[in-house]
Amino acid sequence: MRLIFLGCSSSFAVGPKTYHSNMVLKNGNEYFLIDCGGDTRHALHDVGLSYQDITHVYISHLHGDHTHGLEWLGLSWHFEIEDTLPKLFIREDLVDTLWENLLKGSMSTIKGQVSSLSTYFDLNVLKEDEKFRWQGANFELVPVIHYYDNSNLAPCYGLVITTKKQKTFITTDTQFTPELLRPHYEEADMIFHDCETSKKHSGVHAHYNELVSLPAEIKSKMWLYHYNNSDLPDATGDGFAGFVIRGQEFEV
């Protein structure tokens, strides 16, 4: 099984060499999309894929660089492929807001039909602590602290992917919370961590200047992505595995 980075940049980055930090798992001729930002259709095209290749998708949280491509994906399948729907894996506390606040305005427009998320996707709604499987791999959702909706912590979930070969931890988006994530850092064979590199800290992502303080044994297996349009630090010199490059593939 291979993990392909369709993009590696922050939500504000621009240009064809960036794209949102979404990924696709490949196993044989099967493809599983991890998050679906607005750049997804272009990023897939650049690696020779289209919506027809994406039969499964996981959504970690509701920011646009992780969800705004769902309209394109769902409508493309609905109007161009008959009798089948892509499978959507999503935590139950994200479902209603995804439809009502993000997708309903543009996707509830089919004449004579009351549309819902299930009109476009085969919903696989995951309850608390519920895991799922795909192509022989186990997927565990990891609650992370990313951002607040007013005073309420908004739900966001990283992923631990366990195959016969190794355990891979993908943070999706998270603040720097080593006390919370340390067990996952330590248990993983490989880590992909979102990493701000801008001068100004947003407060909703781990920043390079914070991550560099992690123990050497953790940094050595940590790849950094979701970085800004700026000059990058010397990650390998600081003990990290490196910065991910768009289109880079990893065995998982």
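C195 is buried at 1% relative accessibility; buried means under 20% relative accessible area, exposed over 50%, and partly exposed in between, with a 1.4 Å probe and protein chains only. C8 is buried too, at 2% relative accessibility. The sulfur of C8 lies 12 Å from the closest cysteine sulfur, that of C195, which is too far for a bond. C195 is in no disulfide. A disulfide is a pair of cysteine sulfur atoms within 2.5 Å. The structure holds 0 of them.

This is a predicted model, in which local features need pLDDT of at least 70 and side-chain atom pairs count only at pLDDT 80 or more, while totals for chains, interfaces and linings use all residues. Residues are numbered from 1 along each chain as its sequence is written, and side-chain values use heavy atoms, with hydrogens and water left out.

**Strand 1 and its partners**

Helices (H or I, at least four residues) and strands (E, at least two) are DSSP runs, numbered from the N terminus. Two strands pair if DSSP finds at least two bridges between them. Strand 1 (residues 2-5) pairs antiparallel with strand 16 (residues 249-251) over 3 bridges. Here L3 stands opposite F250. Strand 1 also runs antiparallel to strand 2 (residues 23-27), joined by 4 bridges. In that pairing, F5 has M23 as its bridge partner.

**The nonpolar core**

A nonpolar core is a set of buried Ala, Val, Leu, Ile, Met, Phe, Trp, Tyr and Cys residues joined through side-chain atoms within 4.5 Å. The largest one has 81 residues, and L25, I34, L73 and F192 touch the most other members. Helix 4 gives the largest share of this core, 6 residues.

Which residues does I34 touch, not counting residues up to four places away in sequence? Contact means heavy atoms within 4.5 Å. I34 touches L3, N22, M23, L25, Y58, L159, I161 and I170.

L70, W72, L73, G74, S76 and W77 are buried in helix 3. These buried residues pack against helix 1 (40-46), strand 4 (54-58), helix 2 (64-67), helix 4 (92-107) and helix 5 (117-120). S76 sits in helix 3, which spans residues 70-80. Its relative accessible area is 11%, so S76 is buried. Leaving out residues up to four places away in sequence, S76 touches Y51 and I81.

S115 belongs to the loop between helix 4 and helix 5. It is buried as well, with a relative accessible area of 9%. Leaving out residues up to four places away in sequence, S115 touches W99, M107, S108, I110 and Y120.

**Positive phi in two loops**

D35 has a phi near 70 degrees, a positive value in a residue other than glycine. D35 lies in the loop between strand 3 (30-34) and helix 1. It is buried, with a relative accessible area of 2%. H226 has a phi near 65 degrees, again positive in a residue other than glycine. Its loop runs between strand 14 (222-225) and strand 15 (242-243). H226 is buried, with a relative accessible area of 2%.

**Salt bridges**

A salt bridge is a side-chain nitrogen of Lys or Arg within 4 Å of a carboxyl oxygen of Asp or Glu. The count by this rule is 10.

| Pair | N to O distance |
|---|---|
| K87 and D122 | 2.7 Å |
| E100 and K104 | 3.5 Å |
| E186 and R182 | 4.0 Å |

E100 and K104 both lie in helix 4, 4 residues apart, about one turn of the helix. An α-helix has 3.6 residues a turn, so residues three or four places apart point the same way. E100 is partly exposed at 47% relative accessibility, and K104 is partly exposed at 34%.

E186 and R182 are 4 residues apart in helix 6 (residues 178-187), so about one helical turn separates them. R182 is partly exposed, with a relative accessible area of 34%. Salt bridges that share partners also join R2, K165, E249 and E251 into one network.
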